[in-house]
Amino acid sequence: QVQLVESGGGLVQAGGSLRLSCAASGSIFSINVMGWYRQAPGKQRELVSTITRGGSTNYADSVKGRFTISRDNAKNTVYLQMDSLKPEDTAVYYCNAHIYTNPLVAYNYWGQGTRVTVSS
């Protein structure tokens, strides 16, 4: 059994910052890619950022230069530092991880989501 638990969401004014965290726990052999997605009201879930175990990162164009993803492999945790927040960043943010529960089998796991609201 694997769980992803997110924290750090909340209400912030435009231009402010928030830091999201997501910790994976349970029967984990190793974790490949970890990342963040978001879903705004009435819209489809979209990729925000991903990071590989080796530290290679990928960002959506809409957040480049404002968001920074990082991870602590020893803690099975991924972070998303969000700066210069805009009202259009308002969404539920979901953690995602590609986790091997043994050397041969990997599954895609999702967190429960954490809400970020940016007021103008």
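These legends describe close-up views of one predicted model. Residues are numbered from 1 along each chain as its sequence is written, and side-chain values use heavy atoms, with hydrogens and water left out. Local features need pLDDT of at least 70 and side-chain atom pairs count only at pLDDT 80 or more, while totals for chains, interfaces and linings use all residues.

**View 1. Lys-64 pairs with Asp-61 in a salt bridge.** A salt bridge puts a side-chain nitrogen of Lys or Arg within 4 Å of a carboxyl oxygen of Asp or Glu. Side chains of opposite charge can pair when their charged atoms come close. Here the closest N and O atoms are 3.1 Å apart. Lys-64 is partly exposed, at 49% relative accessibility. Asp-61 is exposed, at 67%. (Buried means under 20% relative accessible area, exposed over 50%, partly exposed in between, with a 1.4 Å probe and protein chains only.) The whole structure holds 4 salt bridges.

**View 2. Salt bridges join Arg-38, Glu-46, Arg-66 and Asp-89 into one network.** Asp-89 and Arg-66 form one of the bridges, with their closest N and O atoms 2.7 Å apart. This pair links distant parts of the chain, 23 residues apart. Asp-89 sits in the loop between β8 (77-82) and β9 (91-100). Arg-66 sits in the loop between β6 (57-59) and β7 (67-72). Strands here are DSSP runs (E, at least two residues), numbered from the N terminus. Both Asp-89 and Arg-66 are buried. Glu-46 meets Arg-38 in another salt bridge, at 2.7 Å from N to O. Arg-38 is buried, at 5% relative accessible area. Glu-46 is partly exposed, at 37%.

**View 3. Asn-96 is a buried residue in strand β9.** Its relative accessible area is 8%. A polar atom of the Asn-96 side chain lies 3.3 Å from the backbone oxygen of Tyr-109. Leaving aside neighbours within four places in sequence, Asn-96 is in contact (heavy atoms within 4.5 Å) with residues including Leu-4, Met-34, Tyr-37 and Trp-110.

**View 4. The largest nonpolar core has 30 residues.** A nonpolar core is a set of buried Ala, Val, Leu, Ile, Met, Phe, Trp, Tyr and Cys residues joined through side-chain atoms within 4.5 Å. In soluble globular proteins, nonpolar side chains tend to be buried together. Trp-36, Leu-80, Met-82 and Tyr-93 have the most contacts inside this core. Strand β9 gives the largest share, 5 residues. Beyond four places in sequence, Met-82 is in contact with Leu-18, Leu-20, Phe-67, Tyr-93 and Val-116, among others.

How values were computed:
Helix = DSSP H or I, 4+ residues; strand = E, 2+ residues; numbered from the N terminus. Polar contact = N/O pair within 3.5 Å; in protein donor to acceptor, adjacent residues only side chain to side chain.
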